Structure formats: C-alpha cells, structure tokens
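Me: I would like to learn how to read a protein model, one feature at a time. Can we start with single residues and then move on to cores and sheets?

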Amino acid sequence: MRCAIWLTLLAACGQSGTLQVSLVFPDGQTRLPPAATRVRLVVEIAGAPQTSEADVAPDGSFDLEFTFGAVDASATVRLDALDAAGTVVARGLTPPVPLASYSQRIAMFMGPPGRFATSPARLPGPRDQLAVAPLAYGVVLAGGRDAAGARAGDVVIYSAVSQAIATGLSLPAARARPAAFGASFNVVYFFGGDGDGDRPAADFWRFDTNVAPSGAYATLAAPATLARAGTAALTIGTDKFLLTGAPPALLDATAATATLTAIAGTPDGVATATTGATTATAAGQVEVVVAGPNGVFLYDGTFKQIDGGAVTDAAAVTLPSRDVLVVGPRAVRVTPAGAVTDVTLTATRRHKPAVAAARGTLVVAGGFDDGGTPLGDAELFDATTLAPLGTVPLPAARGGALAYPLQSGQILLVSGRGPGGPLATIEIFTP
C-alpha cells in the first residue's frame, strides 16, 4: 500500500530536491480511516497556503505530488483526510521544514482532529516523575520512576520530525523528578532530583545531544545547598533559566561553563512553589509566574508575592493573551501586571492535570480526582477566550502526566500514573 507525499522543490539554478512526507498512524493502525475518501495537502509558506488533493483508494492508499519553487524559507505541511461528506477524519502536521533544493524526509502523525491517539512510540518502560526539556526538533524525556518505584536513568528523545523515539545515553545516575533545561544547539542541562536514598540531589549535568552516537555528559559544579527535587525549570532568556525550590536559583548557560546560583532576598513562601510559566509584558519585559502552597509570586528580576491563597497539585501554561493560567483544584489567571483572578475552568476537579496550549486549543488532560483515582478524559478550551470546547476521552487514564506542545502544533502527553501504576504509552493530541 502506498501512502506517500512527495514535494518537489525546483531552484532557479536548475537544481531540485524532494521533501518526502511519510505517515505514522496511531498504535494498532496501519492505514487511513476506512471512511477517508480524499486527502488534502496544505503547504503554508509565509502565511500563504497552497493546496493539492488526491483520491484515497479503498485500501487507504493514495499518491500526492506537489511541485513548487525552492525558496529561502520554511513551510508547514498539513494533511487532512476527509470522508465523503467533507469531514476531516484524520490530520497530520509537520514542524516548519526548510524549502531547500536538497532531499529530505519527514514524518507526520495522523491523529483524529480534536482527540488523543496513542503513538506507536513508547518509553523504555512504565515511567512516572520523569523530566522533559525541549530540543529544536522534539523533546528529551529523562529519568523518573519505574513500575516498582525504583529511580530510572533512561534518556530518550521524541522527534517531531521522525515521530519516533531515539535512545540517548543514560543519566550518570538514576534520578526521579530531576529538573531539565533545554538550551541552544540542542544542549540539555539536568539538575537535582531524587538521588541516593531518595534524598534530593545537587548533581549538575550538561548533556550534549550532538555527540554521536547517543550524546555525552559533562559534570558541572553546583552548591550542595541547592539540592532539590520536583521543581520547575522556566526560561527567562536565551540560555537563562529560573529554577524553583528552596531557595530559587538561576541557571546561566550563556558562557562556556554554566553556573547555578541562588536568588537572594526572596519572600517567605516562594521556595515552596512547584509550578510556573514564563510570560512577558507588552514592552517585552520577561516575567515568570510561580505558584505553590504559599501563594502566587511574580519574578521580573526580583520576586514579589501577588496572592496569598494556596495553589496545589497544579500545572501552569502561558495563554496567547500572555496571561498565565494555573490549573489544579484551584485555578487562577495571572496577568503580566500581576493581577490574580480565580477562575472556574474545568467541570471536573483535577489534581495534577497535564496542561498545554497549541494552535488555539487549551488542553487540560487527566489528573486525579479528590480520591486519588486517575481520570480518563481531557477538557478542551479555546485558548483565547477559555470557552469550553468539550470533553474527550484519553486512551489511558493518567494523573501527574506531562503535556508538551511539539513543533508540529500537536501536543505530547507522557508519563504519569494510571490505575495500575506508571505508564509507558505516549499519546498525541491533534488540534
């Protein structure tokens, strides 16, 4: 069966190249949905979409070729599979890809629009409490706890280009709940986590994913007084990060040797913050909102407390408006000016949900109910207005998971615990 997309790129000098886009289907599927009768390809360059269509054969196969001039730009590629009534029954999206006169390959995950589907890629085993950090082409997933509760040292990369898992060199020591920072040139920094005896550690590692065949580590110096686990790593500038915990700290990776230093003079209670998100004012001033059991705090070079109410078992996301939304049993919306408003968002109380926004959709997935049972659905909202868009099932109930927007605009859902313990499956939400 043939399901291939060929984009031929013609340059003025007579050279040409091809962009081959292959399809990856949800776990257990090998073809487009039987209802699909036609596919529509949309290639968008600088906001200008170009389309091409083809019929789908009864066996799910099709051929689709598109020719256009090679330019010094990138394009996003979307493939919609439509049924006889014109309804989209599956959609694939790619990250921005260069339109250059050389040959390259990329894969797209064909998921049901507005729904979750299980990726054929899996973690090395069931994992909870792992760390995630962005790369230019995907995300790094590291450490965690396995089904027996033991700390893990696995490092894997989920590629938004190949829609597959690649194995990286294991952490120098097994860690659960480490902090991870994605820096320039696909370098990742790991700090702390639950170490020997499940005590918070202060190990500081630089992981260079560019070193063949599976990356390389360098050990960096960090004060033992900064030991911590289960804290958030938040970007505050190019290769500069804020690390929550006791005390909050700054990681500066702009020099050849990265440094980690404590932030002095912080308000009482800020050290207990466990979640947060980065935003900016209209003038471009970078800020970080962090929240925890002792309230909500704003960091713009110094910390100040902006709300005294507890925010626990929560996850934070930055909205298109630049407001930060913190979602848990208590949900609050925080403006860059520091105004805090309680919001009634989810229809179900959710402890430790996974939260992310992509392509205009806010996803609040899973979590635990008040009795600690993992929840098997996700609530969707308009990311701008917060108007509810409905509730959709998850392939597997899970709480304490991580949701991360991929460069394609799809959302990765991974880690966490189901009714039987940690999970190895990876789920993808397609807007």
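Me: Is Ser415 buried or exposed?

Reply: This is a predicted model, so keep that in mind throughout. A residue counts as buried when its relative accessible area is under 20%. Ser415 has a relative accessible area of 1%, so Ser415 is buried.

Me: Where does Ser415 sit along the chain, and what does Ser415 touch?

Reply: Ser415 belongs to the loop that links β36 (411-414) and β37 (417-418). Leaving out residues up to four places away in sequence, Ser415 touches Arg127, Asp128, Gln129, Leu130, Arg398 and Ala401. With Arg127 there is also a polar contact: the side chain of Ser415 reaches the backbone oxygen of Arg127 at 3.2 Å.

Me: How does Gly309 read, buried or partly exposed?

Reply: Gly309 has a relative accessible area of 26%, so Gly309 is partly exposed. Gly309 too is in a loop, the one between β26 (303-307) and β27 (315-318). Neighbours within four places in sequence aside, Gly309 is in contact with Gly292, Gly295, Val296 and Arg330.

Me: How far apart are Gly309 and Gly376?

Reply: In sequence, 67 residues separate Gly309 and Gly376; in space, their C-alpha atoms are 29 Å apart.

Me: Which residues of the largest nonpolar core touch the most other members?

Reply: That core has 24 residues, and Leu23, Leu32, Val39, Leu79 and Met110 touch the most other members. Two or more residues come from each of β2 (16-24), β3 (38-45), β5 (62-69), β6 (74-82) and β9 (104-109). Apart from this core lies another, of 18 residues, including Ala107, Phe109, Leu130 and Leu141.

Me: What does Leu32 touch?

Reply: Residues up to four places away in sequence are again not counted. The contacts of Leu32 are Leu23, Phe25, Val39, Val56, Gly60, Phe62, Ala81 and Met110.

Me: What is the order of strands in the open sheet of 4 strands?

Reply: Strands of a sheet pair through backbone hydrogen bonds, in a parallel or an antiparallel way. Here the order is β19-β20-β21-β22, and the pairing is antiparallel.

Me: Why is one side of β19 and of β22 left without a neighbour in the sheet?

Reply: β19 (233-237) and β22 (259-262) are at the edges and have a single partner strand each, so one side of each has no neighbour in the sheet. Neighbouring strands of this sheet are turned by 25° against each other on average, direction ignored.

Me: How many bridges join β19 and β20?

Reply: β19 and β20 (residues 240-243) pair in the antiparallel sense over 4 bridges. Leu234 stands opposite Leu242 in β20.

Methods:
Residues numbered from 1 in each chain as written. Predicted model: local features only at pLDDT ≥ 70, side-chain atom pairs only at ≥ 80, totals over all residues. Heavy atoms only, no water. Buried < 20%, exposed > 50% of the residue type's maximum accessible area, 1.4 Å probe, protein only. Polar contact = N/O pair within 3.5 Å; in protein donor to acceptor, adjacent residues only side chain to side chain. Contact = heavy atoms within 4.5 Å. Core = buried A, V, L, I, M, F, W, Y, C linked by side-chain atoms within 4.5 Å. Pairing = 2+ DSSP bridges. Axes fitted to C-alpha atoms, helices over the stretch in contact; angles between N-to-C directions.
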